[in-house]
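Please read them with the structure open.

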Amino acid sequence: MDINIKEMELEELKTLQSMIADEIKARNSSALVLYTHGCKGAASYHLGKYKHWAKLVTSVDTTKTNGYAFAGEFLAVTAEHKVPIGSVIVEVCGKDIDGYVMESTGKHHVASGKVNSMSGFIDEIAALF
């Protein structure tokens with residue numbers, strides 16, 4: 001099968017990229033790994049004082065400049081989760097935001113930023129898809 005990507009429209013390329021990402025996830029979905037937020041087990045004072053969230057990212061909207069750029073399932077900060085190897089997870093603690101790719105050995109840090117200036121961080125996470 002020959003595909004000439006140079007002749008494809010931008011929307012066709014995005015669709016193809018999404019299909020490839022879905023296929024990769026489907027092939028990796030049989031292997032699960034344990035994910036926990038970096039603040040799991042932290043004192044209730046810490047959890048109450050700072051904003052915390054984590055999301056299993058399925059896609060990224062690079063036109064947005066805040067946490068709404070990340071589509072996917074929210075993960076409870078105080079619980080353990082089994083996620084597919086290769087999953088992308090974004091987590092927030094206070095003003096810090098970090099991106100991880102889940103590997104068989106655990107979280108692999110791939111990006112970091114601040115929640116009040118996320119444009120570059122969003123682009124880094126989008127590049128993983």
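1. How many salt bridges does the rule give? The count comes to three, a salt bridge being a side-chain nitrogen of Lys or Arg within 4 Å of a carboxyl oxygen of Asp or Glu. Side chains of opposite charge can pair when their charged atoms come close.

2. Basis of the values. This is a predicted model, in which local features need pLDDT of at least 70 and side-chain atom pairs count only at pLDDT 80 or more, while totals for chains, interfaces and linings use all residues. Residues are numbered from 1 along each chain as its sequence is written, and side-chain values use heavy atoms, with hydrogens and water left out.

3. Overall layout. The protein chain has three helices and seven strands, in the order α-β-α-β-β-β-β-β-β-α from the N terminus. Helices (H or I, at least four residues) and strands (E, at least two) are DSSP runs, numbered from the N terminus. The C-alpha trace spans about 55 × 35 × 20 Å along its principal axes.

4. Surface and contacts. The accessible surface of the protein chain is about 8200 Å², and 53% of this belongs to carbon and sulfur atoms. Areas come from the Shrake-Rupley method with a 1.4 Å probe; for residues, only the protein chains shown count as cover. Of the 129 residues, 30% count as buried. Buried means under 20% relative accessible area, exposed over 50%, and partly exposed in between (1.4 Å probe, protein chains only). Among contacts (heavy atoms within 4.5 Å) between residues at least 6 apart in sequence, 51% join residues at least 24 apart.

5. The salt bridges in turn. Asp 61 and Lys 64 meet through their side chains at 3.1 Å, N to O. Asp 61 is partly exposed at 28% relative accessible area, and Lys 64 is partly exposed at 35%. Glu 91 forms a salt bridge with Lys 107, with the closest N and O atoms 3.5 Å apart. This pair links distant parts of the chain, since Glu 91 is in strand β5 and Lys 107 in strand β7, 16 residues apart. Glu 91 is buried, with a relative accessibility of 6%, whereas Lys 107 is partly exposed at 35%.

6. The remaining bridge. Asp 96 forms a salt bridge with Lys 114, and their closest N and O atoms are 2.4 Å apart. Asp 96 lies in strand β6 and Lys 114 in strand β7, so the pair ties together parts that are 18 residues apart in sequence. Both ends are partly exposed: Asp 96 has a relative accessible area of 34% and Lys 114 one of 41%.

7. Aromatic pairs. Which rings pair, and how? The count is two, under a rule by which rings of Phe, Tyr and Trp (its six-membered ring) pair if their centres lie within 6.5 Å; planes under 30 degrees apart count as stacked, over 60 as edge-to-face and the rest as tilted. Trp 53 and Phe 74 have ring centres 6.0 Å apart and planes at 80 degrees, so this pair is edge-to-face. Trp 53 in strand β2 and Phe 74 in strand β3 are 21 residues apart, and the pair links distant parts of the chain. Trp 53 is buried at 16% relative accessible area, but Phe 74 is exposed at 54%. Phe 70 and Phe 121 also form an edge-to-face pair, with 6.0 Å centre to centre and 75 degrees between the planes. Here Phe 70 belongs to strand β3 and Phe 121 to helix α3, 51 residues apart, and both are buried.

8. Helix α3. Which residues of helix α3 (residues 119-126) are buried? They are Phe 121, Ile 122, Ile 125 and Ala 126. These residues cover an arc of only 135 degrees around the axis, which puts them on the same side of α3; the arc is that of the directions from the helix axis to the C-beta atoms. The buried residues of α3 pack against β2 (52-60), β3 (70-75), β5 (88-93), β6 (96-103) and β7 (106-114).

9. Glu 73. This residue is in strand β3. Glu 73 touches Ala 54, Lys 55 and Leu 56, not counting residues up to four places away in sequence. Glu 73 and Val 57 are 16 residues apart in sequence and 6.8 Å apart in space, C-alpha to C-alpha.
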